[in-house]
Amino acid sequence: MIAYSRSQWKTSGLPGCKDNGADMTDIVILPGIGGSGELHWQTRWEKSDPRYRRFQPTDWNQPELKDWISALDRAVGAASKPPLLVAHSLACLLVAHWQQVSTAPVAGAFLVAVPNPEAQTFPVEAASFADPPLSELRFPSLIIASTNDPYGTIEYARGRASQWGSDIVEVGRLGHINEASRLEDWRQGKALLTAFAAGVANSTIRR
């Protein structure tokens, strides 16, 4: 695992970290196109903890950016305090678009497997999500990238991290970090999220 960090939170030893239930705020789960199935780590996390709530766009299979932005606005607005966003694939692009048009507060964004909308593998159904903002995101963010993701190269992920002002952790050859990756509960990912959330909380306290 390789980490490039601009902030103070540390990634050494993360796979052994424990989520003690006190380190994270409310969490909004943002699946990509098609939603996350029963075997996806997002669904497993959601079922394991009442703090995790899934946003609900009109259509998972024919995504429209405006509709998904509205759904994310509703999910953030329903949280008792600024939540963490846990996005996979297409939802990473959603977060980038959303934060440019919405002022709703969030604690930060955990962005897994950012896809390249200019790649041949990008689904035509998601064309409205193309051309995500190139400027820095308005909240802390962490990109989790696989070195053999068929929907976005590691170089693309590094470029997005630089543009968005995100930290990035490279987790090796995990494909698209989805059901096909057979991650089950993806303990490494949960440890990374816990550490990221703790870093965000500490930064807020210091301010």
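Let me begin with a definition: a residue is called buried when its relative accessible area is under 20%, exposed when it is over 50%, and partly exposed in between, using a 1.4 Å probe and protein chains only. By that rule, Arg182 is exposed, with a relative accessible area of 74%. Arg182 sits in the loop between β7 and α5 (187-206). Although Arg182 is not a glycine, it has a positive phi of about 55°.

Before going further, a word on the source. This is a predicted model, in which local features need pLDDT of at least 70 and side-chain atom pairs count only at pLDDT 80 or more, while totals for chains, interfaces and linings use all residues. Residues are numbered from 1 along each chain as its sequence is written, and side-chain values use heavy atoms, with hydrogens and water left out.

I turn to the overall fold. The protein chain contains 5 helices and 7 strands; helices (H or I, at least four residues) and strands (E, at least two) are DSSP runs, numbered from the N terminus. Their order along the sequence is β-β-α-β-α-β-α-β-β-α-β-α. The chain has 207 residues, and 53% of them count as buried. A contact here means heavy atoms within 4.5 Å. The accessible surface of the chain, computed by the Shrake-Rupley method with a 1.4 Å probe and, for residues, with only the protein chains shown counting as cover, comes to about 9700 Å². Carbon and sulfur atoms hold 49% of that surface.

Next, helix α4. Which residues of α4 are buried? They are Ile154, Tyr156, Ala157, Arg160, Ala161 and Trp164. Seen down the axis of α4, these buried residues fall within an arc of 155°, so they line one face of the helix. The arc is that of the directions from the helix axis to the C-beta atoms. On the face turned away from the buried side, α4 carries the exposed residues Glu155 and Ser162. The cover over the buried residues of α4 includes α3 (90-101), β5 (108-112), β6 and β7 (167-170). Just after α4, Gly165 takes a positive phi of about 70°.

Ile154 lies in α4 and, at 8% relative accessibility, counts as buried. Leaving aside residues up to four places away in sequence, Ile154 touches Ala145, Ser146, Thr147 and Glu170. Ile154 and Val114 are 40 residues apart in sequence, yet their C-alpha atoms are 9.5 Å apart in space.

Rolling a probe the size of a water molecule over the atoms shows where empty space is left. On a 1 Å grid over the protein atoms alone, a cavity is a set of points where a 1.4 Å probe fits but cannot get out, and lining residues have an atom within 4 Å of a point. Grid points are joined across faces, edges and corners, and a volume is the space filled by probe spheres set on the points. How many cavities of 30 Å³ or more does the structure hold? It holds 1, and about 40 Å³ of space lies in the largest cavity. β6 (141-145) and α4 (154-164) each supply at least two lining residues, and the largest share, 3 residues, comes from β6. The lining divides into 7 nonpolar, 3 polar and 1 charged residues. In this scheme Ala, Val, Leu, Ile, Met, Phe, Trp, Tyr, Cys and Pro count as nonpolar, Asp, Glu, Lys and Arg as charged, and the others, Gly among them, as polar.

Finally, the loops. Thr103 lies in the loop between α3 and β5 and counts as exposed at 76% relative accessibility. The C-alpha atoms of Thr103 and Arg138, 35 residues apart along the chain, are separated by 9.3 Å. Ala104 is found in the loop between α3 and β5, but Ala104 counts as buried at 17% relative accessibility. Ala104 touches Asp73, Val76, Trp98 and Arg138, residues up to four places away in sequence not being counted. Between the C-alpha atoms of Ala104 and Asp73, 31 residues apart along the chain, the separation is 7.2 Å.

Asp131 belongs to the loop between β5 and β6. Asp131 is not a glycine, but has a positive phi of about 55°; at 64% relative accessibility, Asp131 counts as exposed.

Key
On a 1 Å grid over the protein atoms alone, a cavity is a set of points where a 1.4 Å probe fits but cannot get out, and a pocket is an open set with protein on both sides within 12 Å along at least five of seven lines; lining residues have an atom within 4 Å of a point.
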